[in-house]
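User: I am new to this structure and would like a close look at a single part of it, the surroundings of one ligand. Please take me through them with care.

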Amino acid sequence: MSKPTVAIVGRPNVGKSQLFNRLAGKRLSIVEDTPGVTRDRLYAECEWRGRVFSIIDTGGIEPSNDNEILKFMRFQAETAIHHADVIIFITDLRTGVTASDMDVAAMLQRSGKPVVLAVNKCDKPGQPEPEFYEFYNLGLGEPFGISALHGYGTGDLLDEAFQYFPPEEEDDEDEGRIRVALIGKPNVGKSSLLNRVLGEERVIVSNVAGTTRDSVDAKLDNQYGKFTFIDTAGIRRKSKVEEKIEKFSVMRSLMAVERADVCVIMIDATEGVTEQDTKVAGEAHNAGKACIIVVNKWDLVEKDGGTMKEYTLRVREGLAYMPYAPVLFISAKTGQRVDKIYETICHVYEQNHKRVPTGQLNSILAEATARVQPPTDKGRRLKIYYMTQAGVCPPTFVCFCNDARLFHFSYQRYLENQIREVFDLTGTPVRMIVRQRG
Ligand code: GDP
Ligand code: GDP
């Protein structure tokens with residue numbers, strides 16, 4: 001089963017980012033940012049009482065314009081209701097309860113989803129201030145006074161949220177199932193592809209068992225394997241407002257990425273790679289997911305002998321940080337090459353889970369460092385003592401060296417490529433963690 005998901009919902013300026021950073025900070029600091037990918041930190045992995053969960057800051061899509069606030073808040077709440085197991089609704093002691101707080105609280109309450117109410121900016125520990133009691137009026141039960149700034153109360157808040165996490169045991173039926181997210185901007189053809197994929201095969205549509213989430217995922221079993229196509233909400237239930245607003249679809253994709261094993265990044269052949277595509281694909285890359293690039297609407301492109309090759313180059317340029325991702329050209333409309341997708345999904349999934357034996361890894365290291373000498377600075381040379389794989393999804397390698405500052409990105413990239421050459425690793429990002437030792 002996938003990790004529990006906690007969403008933070010609240011008005012602008014109540015302290016959502018502050019809380020998010022506080023909860024996420026520790027985990028995030030060990031994950032390096034990938035150059036070339038700007039990332040709004042909208043979600044992160046956290047751990048509480050030994051349980052790993054995802055936290056989503058729905059505030060990442062905040063309105064710039066005041067009269068849109070309520071609309072956006074409703075959307076945030078809706079997204080959270082749809083995708084999260086638990087919602088943290090955050091309010092602000094200083095402003096008190098506002099009309100939009102009331103509105104959103106009512107929405108959350110109606111949803112029946114577990115909601116934990118936080119009153120932020122309670123900066124003085126101890127007896128709550130008189131204003132605090134007003135928050136009981138939201139009808140969401142006992143408010144938790146916190147100070148995201150100082151960290152007070154956040155532990156109790158998490159304890160409360162923790163109670164609502166779905167049980168941890170695996171669902172047998174879902175074992176070995178590959179969770180696939182079709183992501184891409186509106187109109188790229190996500191629904192068409194999903195319908196094409198599901199239409200021809202045995203489909204079991206069911207609620208995600210054992211979770212309090214109400215997304216509807218589509219299961220598909222065929223000769224290639226067992227798949228769950230994640231309801232990228234917005235595929236099935238499109239609302240007019242969402243379609244128009246780009247940020248919404250980015251948010252949607254993000255949630256799907258988080259739950260997926262494999263991300264199918266869809267590009268519209270008639271438009272090429274757009275900025276939004278770059279962003280969404282960047283999320284999949286940063287989240288360490290297996291990735292496939294699918295250029296859809298290939299039927300609409302006029303072709304001569306070299307078109308596909310040229311097009312591939314352009315896609316590679318646009319998504320330069322994921323040279324490892326296979327590129328497929330399909331038409332969801334005619335069905336052309338759609339069945340290639342299954343094999344590709346299975347292949348990249350395997351690569352994303354691959355374990356490389358330490359012995360072989362260190363032979364590669366020895367050869368690689370003999371062929372291209374590690375960098376030096378002021379007479380001091382980088383020495384890499386040892387390398388080991390610390391994890392999968394994505395394959396993560398730890399390199400022990402004498403001086404981390406000398407271990408430039410370009411040399412890391414070089415080593416990564418050496419490993420890829422030997423072990424394939426198609427379709428998966430790879431992480432390098434550098435540890436300095438004496
Ligand atoms: P968001 O718009 O909901 O993400 O809010 P931010 O996290 O950006 O916070 C808005 C403002 O409130 C910032 O100036 C923060 O420094 C401040 N803030 C956030 N949490 C606290 C808190 O616990 N106490 C105080 N005094 N200020 C806070
Ligand atoms: P979504 O918003 O990403 O779910 O996109 P849809 O599946 O709703 O597709 C948007 C539009 O593009 C619809 O009019 C589809 O018929 C059309 N479309 C989708 N895939 C293809 C394709 O491969 N070829 C052509 N010609 N049109 C397509």
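**The shell around ligand 2**

Around ligand 2 there are 16 residues, and those that come nearest are Gly189, Lys190, Ser191, Ser192 and Lys333; a residue is counted as near a molecule if its C-beta atom, placed from the backbone, lies within 6 Å of that molecule. This is a predicted model, in which local features need pLDDT of at least 70 and side-chain atom pairs count only at pLDDT 80 or more, while totals for chains, interfaces and linings use all residues. Residues are numbered from 1 along each chain as its sequence is written, and chains are lettered from A and ligands numbered from 1 in the order in which they are written.

Helix H5, residues 190-199, supplies the largest share of the shell around ligand 2, namely three residues; helices (H or I, at least four residues) and strands (E, at least two) are DSSP runs numbered from the N terminus. Sorted by class, the shell around ligand 2 holds five nonpolar, seven polar and four charged residues, where Ala, Val, Leu, Ile, Met, Phe, Trp, Tyr, Cys and Pro count as nonpolar, Asp, Glu, Lys and Arg as charged, and the others, Gly among them, as polar.

For comparison, ligand 1 is surrounded by 15 residues, with Gly15, Lys16, Ser17, Gln18 and Leu149 as the closest. Here helix H1, residues 16-28, gives the most to the shell, with three residues, and the classes in the shell around ligand 1 are four nonpolar, eight polar and three charged residues.
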